[in-house]
Amino acid sequence: MKTHAQAVVIGGGLAGCSILYHLAKLGWTDVILLERDELTSGSTWHAAANIHGLHDNNNITRIQHYTMNLYKELEVETGQSCGVFQPGSLYLAQTEEREQQLRLQEAKARFYGLNFHEVSRAQAQELHPLAQFDDIRCIMYEPDGGNVDPSGVPHAYAAGARAMGATVERFCPVIGTDQQPDGSWIVRTEKGDIHTQWLVNAAGLWGREVAALAGLTLPLQPTEHQYFVTESIDEIASLGRRLPSIADRDGEYYFRQEGNGLLIGAYEKDMRFWAEGGTPLDFAHELFPDDLDRIMENVIRATERVPLAATAGVKRVINGPMIWSPDASALWGPVPELQNYFLCGGIIPGFSQSGGLGLLAAQWMIDGEPQHDMFAWDLARFGDWADKKFTKDRVQDAYTHRFKIHFPNEERPAGRPARTRPAYEMQQELGAVFGLNCGWEHALWFADQPGVVETAGFTRQNWFQPVGQEVERLRNTLGVIDISNFANYVITGAGAHDWLDRLVANRVPTEIGRSCLTPLISVRGGVAGDFTITKTAQDAYMMIGSGMAERYHQRFFNMVDLPAETRFEVATNRIVGFNIAGPRARDALQLLTNADLSNEGFRFMHSRQITVAGIDCLAIRVSFTGDLGWELHCDAGDQAALYAALLQVARDLGGGPVGGRALGSLRIEKGYGSWGREYSQEYWPQEVGLAGLIKLDKDFLHKEAYLAIHDTPPREVLAMFEVEVTQQADATGGEPIFTPDGRPAGRVTSGAFGSSVGKSLALGFCDPQLVPVGAQVEIYILGAPHRATRLAEAPFDPEGMRLRS
C-alpha cells in the first residue's frame, strides 16, 4: 500500500469516490481512497438515487445541473454504467405557496438555460397516464429528471479515478489521524501508515467516528429512512417506455418507476433516530426491520395519486440509515481549526449533488478556493454551540418537514434557543420575535405583545407592518438596535497593526480613535469579507465583521502569521453592542453621557471610550442604517442595564426598539451590501463598489490575486432597483432579472420594502451593458414578471449627509 499521497480520502461511498475522481481530474493523481469495507457500504448502496436539477439556492442549482450532465460523460469515459434513467420528473403544486415556489424555479431555470417548464394537466396525463392530477394547481416538467444506479455511480467515479492514476484501497479501516507540525497528516490504518498533505473525511455514516480521531465533534445524526418497491404492474410493463417520476411535495412522498413496478418513499412524522451514541463499526450492508406502518399515511396519499399502486404487492422494502446535519445541507469544507482537513458529510440528495460536491472540493484543496460561493453548505456555519441536543432537534425537524417549503426569511423554532444574551428576556417582554444567527437569538422585530409567532410565506407576512413602523420610527426620531450578533475580534500587542495591515486591503488606522471600513480579499481576488477596524488604544484594535461568518473568516485569519508578541481574540461571547441611530440619536445619547457628541467633537468614523448610563462603552460613530448613529460596545454583563437606559431615553424622544428585519430594510434603502448576499468570494471589489477601499501601495492578503483582476472590467455590477409591486410581495433574494425582451440580465441578492422612502427595492447584480442606469427590467417575484427600474443612486440620503450631520 502507498505510504505517501497528496490526499487521502476516507470513505468509499458516493461523496468519497466523487472527490477522488475530481482530485485526479484536476491534476492530483497521487491520491488514495481508503474504504473500511466494500465501496458503497453504509448508506450509498441502498439510496433511491433520484436526480433533479433545480434548488432554491442558485449555486446549488448550478452544481446539481453539473452533476446530472456528468453521469453520461462518466459512462463514456469509464465504460462503467451509471444506470442513468431520465424519463423526466413531474413537480406538482397543490397549494398556492407551492405554485409560487415552482414558478420561481421555472424563471430561474430560464435564466440558467435549464429545461424546466410548465405543462398542462392533459400533457401531464399523457406523460404519466397512470396518475391523476385533478387536485393540482400547477405542474412543472423537468425532462432531464430521473434516477441512477446507486452502486454504479460510485464505481464509475472510482474507475475514472483509477484510470488517471489514483488508488482505491478496500477493507482498510482507518484507526488514527495525526496532524504533523507542518500541517500534513499521518493516516494510520491496519495495513500501515500514509503520510499525506490533505486528509478528506468522506466517511458518511462513520463521519463522526473519523472526526473524533482528530478531536472533532460533528453536528451529525443518523436516522432510519424507508421506501419500498412494488411487484410488477401490467399497465407499466405494457407501456413500452419509462414513466416520469412524480414529486408531490405537498403530499410528502416521492414516486418513480423501478423495473416494471413503482418505488414509493416518504419522510414520515413518526421518524426514528439511529446510532445516537455512534455508528457501529461492523455495520456495512445491513438494513433495519421493515416498519411500513410508520409511512402508511404518506403511502395512502401516494396511492391516491396513482391508484394502481394500491393494489400492487410489495416486492422489496428498504429501511436503511441516512446521516443528517441540522439543516439537511451538507457539512462541507476545510475545518477552520485544523490545517488541511476537508470534511464532506451529511449529504441527503447526494446523487443530485455528488459531482458538484466533488468538483468544488477538489478546487478548494488544489486552488485554495471553489469557484462558487457555497456558504450554505460550509461547515463553518455551525460552531460548538450546535451540540447534540440542538442537532437532534433540528434533524427531527428537517426529516419530518423534508418537503416543507423553505420560505424567504423563515425562522424555524426547533432546537432553540441555543445561545442567548443577557438582554434576551427583556426583549421577550418587549414582544421581540427572534431569529437565529450563528447560534445566537437576535430580535428580528417587535410585536405589540409578547408571544406573537410570525407567519411565513412568499408574500408579505404579519411582520410587514410592524417592521415598516420600526423603519419609520428610526428615520423620523431614533431606534435602538441590538447588534450583538456581529462578530467581534480584539487584536493587541506590539505587532497588532502590522498583522492587521497585512491581512486586510485598506490601510489600518494608526491614530487612536480612528476607524476604517475594509474588504478582505479572497484567494481568487473576490471579496471574502468586510470589516470595521477601530484603533482603541496603543497596540490595540477591535475588528467587527459578519456574525454568521465568524468561523468562515478564521480560515483567512490563519493565512497570515500572527507575531509572537500579538494576541488575537475572538471576543464575540464577551462583547455585546447596540446601535442607537436616527436624527435624534445624538440628543438621546447625550442624555446618558458627558462625552462631547457634537459633530466637531465626535466625527463620523471616529471612536472613543465613553461612559453611557454609568457603563463603560466603546462608542464608534458609524451606522449600518445609513443614518446618524453610534455603535456602543460593552461587556456582556452590562448589556441589560445599557439596553434599559437606551430604551428609556429613546421612548422619551419618541423612539424605541428596532429589530434585524428593519435593519435589513434600512441598509437596502441606503444601498449597503451585506456579506453572504452582496459580498462573497464570487464577486470582485470593482463589481460591488469596494475597489476604492483597496490600497495598492501596501501589501495585503491575496494582493497578487486582486492585481490579476483589478483592471478587468466588471462582469456584472451591484445595482439598485425600484420595483413596481403588483402583488403583495417584495423581492427577497435569488429572483432572476430579465430585460423586457426576455434576455437574462441578472439576479436579486436582497430585497425589501423601503418604508421610509415608500418604494419596493431590490439589490442585485446585472450586466451593465444590458441594464444601464435608468433601464427597465423584469424581476420575477413569485415567478411572475414585475417591472423594475435601475436607479442611479440610493433612494435614501445618497450623499450621506445624515451619517455625517
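A search of the whole structure turns up 40 aromatic pairs. Here, rings of Phe, Tyr and Trp (its six-membered ring) pair if their centres lie within 6.5 Å, with planes under 30 degrees apart called stacked, over 60 edge-to-face and the rest tilted. Keep in mind that this is a predicted model: local features need pLDDT of at least 70, side-chain atom pairs count only at pLDDT 80 or more, and totals for chains, interfaces and linings use all residues. Residues are numbered from 1 along each chain as its sequence is written, and side-chain values use heavy atoms, leaving out hydrogens and water.

**Aromatic pairs around Phe738**

- Helices (H or I, at least four residues) and strands (E, at least two) are DSSP runs, numbered from the N terminus.
- Phe738 also pairs edge-to-face with Tyr780, at 5.1 Å centre to centre and 70° between the planes.
- Tyr780 belongs to strand β36 (residues 776-781), so its pair with Phe738 ties together parts 42 residues apart in sequence.
- Buried means under 20% relative accessible area, exposed over 50% and partly exposed in between (1.4 Å probe, protein chains only). Phe111 is buried at 16%, Phe738 at 1% and Tyr780 at 11%.

**The Trp cluster and the cores**

- Ring pairs link Trp198, Trp332, Phe342, Trp364 and Trp377 into a cluster.
- A nonpolar core is a set of buried Ala, Val, Leu, Ile, Met, Phe, Trp, Tyr and Cys residues joined through side-chain atoms within 4.5 Å. The largest one has 47 residues, and Trp332 is among those with the most contacts inside it.
- Elements that each supply at least two residues of this core include α1 (14-25), α2 (58-78) and α9 (350-367).
- A second, separate core has 40 residues, including Tyr489 and Phe568.

**Gln226, a buried polar residue**

- Gln226 lies in strand β12 (residues 221-230), and is buried with a relative accessible area of 0%.
- A polar atom of the Gln226 side chain lies 2.8 Å from the backbone oxygen of Asp291.
- Contacts (heavy atoms within 4.5 Å) of Gln226, not counting residues up to four places away in sequence, include Gly265, Asn319 and Tyr399.

**Arginines over rings**

- A charge sits over a ring if NZ of Lys or CZ of Arg is within 6 Å of the ring centre and within 35 degrees of the ring normal.
- Arg242 lies over the face of Phe85, 4.0 Å from the ring centre, and Arg661 over that of Trp463, at 4.4 Å.

Technical notes: A polar contact is a pair of N or O atoms within 3.5 Å; within protein, one must be able to donate a hydrogen and the other to accept it, and residues adjacent in sequence count only if both atoms are side-chain atoms.
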